[in-house]
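Biologist: I would like to learn how to read a structure like this one. Could you take me through it, feature by feature?

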Amino acid sequence: MPTALIVGAGPAGAALAYLLAHRGIEVTLLERQLDFSREFRGEILMPSGVLAIEEMGLGDAMNSVSSVDQKSISLYLNASLVFRQELGSDALESVPVRAISQPQFLEMLVTEAGKSPCFRLERGTSVKGLLFEDGRVVGVRARTRAGEKSFKADLVVGADGRASAVRRHGGFTDRHASPPIDVVWWKIPCPNDWNGPCAFIGKGHLMLLYQSWDGNLQIAWIIIKGSFRELKQRSPGDWAREMAAQVSPEISSHLEACKDKLQHPFLLDSVSDCVDSWSVPGALLIGDAAHTMSPVGAQGVNIALRDTIVATNHLVPALFSEDTAILDRALRAIEEERAPEVNHIQRLQGLPPRVVMSSAWWSEPVRKLLAKILVHPGVRVRAANHVTGFAFGVADVSLEV
Ligand SMILES: Cc1cc2nc3c(=O)[nH]c(=O)nc-3n(C[C@H](O)[C@H](O)[C@H](O)COP(=O)(O)OP(=O)(O)OC[C@H]3O[C@@H](n4cnc5c(N)ncnc54)[C@H](O)[C@@H]3O)c2cc1C
């Protein structure tokens, strides 16, 4: 029976393990953490992610995962409302934008994978290197709870995220286009009359607020890269005042009332990059390991899930062929199919920080002009068509095996 080693049980690795194991591939999934809640994990699923999960046949299993559907999105410029757009309406073909608990989502994926006898999960196993034979990757070297261990398989998949060990040890090269931003996170209680996600844009600042899967209000304060050290030295009262100046009056008083909850800001540095080639003989990268996604537009989990569907289509027949030349061709075909969407989305993700966070002389007039034209619903629909890739992706992705 063909074998695959998947490194990393994030959305990409856990979903691929589920799909391959149920198609008769012997899958070993290696995850360095013992518990999925140990790492920060993105939690907004766009309609493309919701549809990808349904495509995998996991629509019903998702009922066990805590989630909150987002009702509408509002855009504010300099604290004034520019527009509010209903979500899950005709415009989005009734597919919701959903905040989910990612730890629960990953538990659900490995539980579903475990319903196949072909699946094995090794928690607390951190990959430290790759095994090569005649220039081909044939396995990994890992630190496990029982000490150093080698694992071998017909295929190694690096789904180990932005600091991928498979990328590092596999001789992959990459190109960076990281946005000059970082994100500071807080969770505070949600106001009772909460309507849906709000984006507050102003001179040199951007804040996003949405209701998280646990009912709390998630604050994402986007700051200029490197400015966190200075921010951390200030008090929660200072942060509340600075944020309050950027938002609508209702949110401003809510922030002031909750300032005691703004105790421990959590910094997530934003990275955007892509490897020059997603595969080497015997090994493939998918998800953030291949193309780390910035947080703009909440894309990374969705793109990772779409990678796994395309990877499954190519890998299943290639692994059963037991021919390494066919397998290596399949690895290149996965990249050929996925790279155009990833490149397109990464280009789209690069635009908002450049306009919103810029303090160049032209940036404020551009923001004001945008606000004026976006007031008109017709213009908004046309603008939405340009960024519709954020909601649905730009490629047809369906499971064919
Ligand atoms: C601030 C911020 C907010 C974001 N918000 C969203 C959002 O709302 N929606 C969205 O779609 N995307 C979001 N993203 C992006 C998203 O989190 C990632 O793109 C997505 O998690 C990628 O999934 P993945 O499976 O490829 O990698 P990961 O989720 O990073 O999973 C990698 C897994 O590999 C494991 N691992 C790492 N190294 C090893 C090793 N050596 N050995 C074994 N295991 C290893 C890790 O423990 C982890 O479980 C956000 C990103 C940031 C920075």
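**Reading the model**

Modeller: Start with helix H8, residues 300-321. It has 22 residues and reaches 31 Å from its first C-alpha to its last, close to the 32 Å expected at 1.5 Å a residue. The expected span is 1.5 Å times one less than the number of residues. Helices (H or I, at least four residues) and strands (E, at least two) are DSSP runs, numbered from the N terminus.

Biologist: What should I know about the source and the numbering?

Modeller: This is a predicted model: local features need pLDDT of at least 70, side-chain atom pairs count only at pLDDT 80 or more, and totals for chains, interfaces and linings use all residues. Residues are numbered from 1 along each chain as its sequence is written.

Biologist: Where does H8 bend?

Modeller: A bend at a residue is the angle between axes fitted to the seven residues ending there and the seven starting there. H8 bends by about 30° at Leu315, and Pro317 follows within four residues. After H8 comes Glu322, with a positive phi near 55°.

Biologist: How many residues of H8 are buried?

Modeller: Count neighbours. A residue is buried if 20 or more other C-beta atoms lie within 10 Å of its own, exposed if 12 or fewer, and partly exposed in between; C-beta atoms are placed from the backbone. In H8, 18 of the 22 residues are buried. Across the protein, 43% of the 401 residues count as buried.

Biologist: Which residues come nearest to the ligand?

Modeller: A residue is near a molecule if its C-beta atom, placed from the backbone, lies within 6 Å of it. There are 37 residues around the ligand, and Gly8, Gly10, Gly42, Gly287 and Gly300 come nearest. Helix H1 (11-21), strand S2 (26-31), strand S9 (126-133) and H8 each give two or more residues to this shell. H8 gives the most, with four residues.

Biologist: How does the shell divide by residue type?

Modeller: Ala, Val, Leu, Ile, Met, Phe, Trp, Tyr, Cys and Pro count as nonpolar, Asp, Glu, Lys and Arg as charged, and the others, Gly among them, as polar. Here 17 are nonpolar, twelve polar and eight charged.

Biologist: Now the strands. What holds a sheet together?

Modeller: Strands of a sheet pair through backbone hydrogen bonds, either parallel or antiparallel. Two strands pair if DSSP finds at least two bridges between them. In this protein, six strands form an open sheet in the order S8-S2-S1-S12-S21-S20, with mixed pairing. Strand S8 (119-123) and strand S20 (279-280) stand at the edges with a single partner strand each, so one side of each has no neighbour in the sheet. Strands S12 (155-158) and S21 (283-285) run parallel, joined by three bridges. Gly158 stands opposite Leu285 in S21.
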